[in-house]
Amino acid sequence: MSAASDDQPGPTGPGLWRLVGAAALACLGVIVLWSTFRQPEPPDGSMRALDQMPSQAPVEPSTPPALSPLGAEDGPTPSTTPESTVSAATTTGPASPSPGRTTAGPFPAATTPGTPGTPVRPTPAAAAPSSTPSRSPAAQFRPVTVQAEAPGNLRSGGAETAYCDSCDGGARVRYLGRLTVYLDVAAAGSRTVTVGYTADGPRDLKVVVNGGAPQTFTVTGGGWETPRSFQFTSQIPAGRTAVTFYNDSGPPPDIDKVTVS
């Protein structure tokens, strides 16, 4: 009778302990899972404060501050009070605009027709013409030398070229009937005309400058291979000058060169 009662489960039998153990294991598993997936909260409550903060909008890239209108730094900022505006306008008057800038103030800036809102930049005034007329620099005079035997000269009456080792240019003009030497002078003025010649004794020579009155010079020399020179002063114009040599009363000297200085 007692053996049969031991096999039957009761309140204190093995089946009750199995249920209690299974329940304990289940509670332990729940605790472990809950502690694993739950984030620990800092002791100061900062996580709760972060959770309660509203979400912020994405920060847009900052843009440079808008520049104040040109001319605004030229004076103090006008007050928005009507009395201060009237007082400032009466005391100081409107600021004169600088070239190329618009004036800041209560008045709207002038705009170009057809382009609303575009300020008109004043055109700089043209420079006044000088009352003194411009003058070109004066031509600088330089000495000019022409050989008597140069191809551009005019020879007549039997004049011919003769070689001369001691003469300037290696030649001279002899047997003058008439010789005209042409020189180009840059500036007019009183000039010194130097005539190089050779002669074997006293000779007379007549000289005409640009068709003027002839001048007679008496020269002398030590031989046809010994160059000498004489000078005279004459008014020489700018441009082409013609100097003519001849002697219609006797044999003249030979001519080597002519220099205007």
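**Group meeting: core, disulfide and salt bridges**

Okay, let's start with F230: if we skip its neighbours within four places in sequence, F230 is in contact with V193, T194, V195, Y197, L205, V207, F217 and V219, where contact means heavy atoms within 4.5 Å. Quick caveats: this is a predicted model, where local features need pLDDT of at least 70, side-chain atom pairs count only at pLDDT 80 or more, and totals for chains, interfaces and linings use all residues. Residues are numbered from 1 along each chain as its sequence is written, and side-chain values use heavy atoms, with hydrogens and water left out.

So what is F230 part of? F230, along with F245 and I255, has the most contacts inside the largest nonpolar core, a set of 27 residues. By nonpolar core I mean buried Ala, Val, Leu, Ile, Met, Phe, Trp, Tyr and Cys residues joined through side-chain atoms within 4.5 Å. Buried is under 20% relative accessible area, exposed is over 50%, and partly exposed is in between, using a 1.4 Å probe and protein chains only. Among the elements giving two or more residues to this core are β8 (189-199), β11 (223-236) and β13 (254-260). Strands here are DSSP runs (E, at least two residues), numbered from the N terminus.

Now the cysteines. How many disulfides does a search of the whole structure find? It finds 1, with a disulfide being a pair of cysteine sulfur atoms within 2.5 Å. The pair is C164 and C167, with sulfur atoms 2.3 Å apart. Their link is right-handed, with 70 degrees about the S-S bond, and both cysteines are buried. C27, on the other hand, is partly exposed, at 48% relative accessibility.

On to charges. There are 7 salt bridges, counting a side-chain nitrogen of Lys or Arg within 4 Å of a carboxyl oxygen of Asp or Glu. One of them pairs E160 with R174, the closest N and O atoms being 3.1 Å apart. E160 sits in strand β5 and R174 in strand β6, so this pair ties together parts 14 residues apart in sequence. E160 is partly exposed at 31%, and R174 is partly exposed at 26%.

Then there's K257 with D168, at 3.2 Å from N to O. That one links distant parts of the chain: K257 is in β13, D168 is in the loop between β5 and β6, and they are 89 residues apart.

Last pair: D200 and R203, at 2.8 Å between the closest N and O atoms. Is R203 buried or exposed? Its relative accessibility is 15%, so R203 counts as buried, while D200 is partly exposed at 44%. And salt bridges with shared partners join R172, E225 and D254 into one network.

Note on methods: Helices (H or I, at least four residues) and strands (E, at least two) are DSSP runs, numbered from the N terminus.
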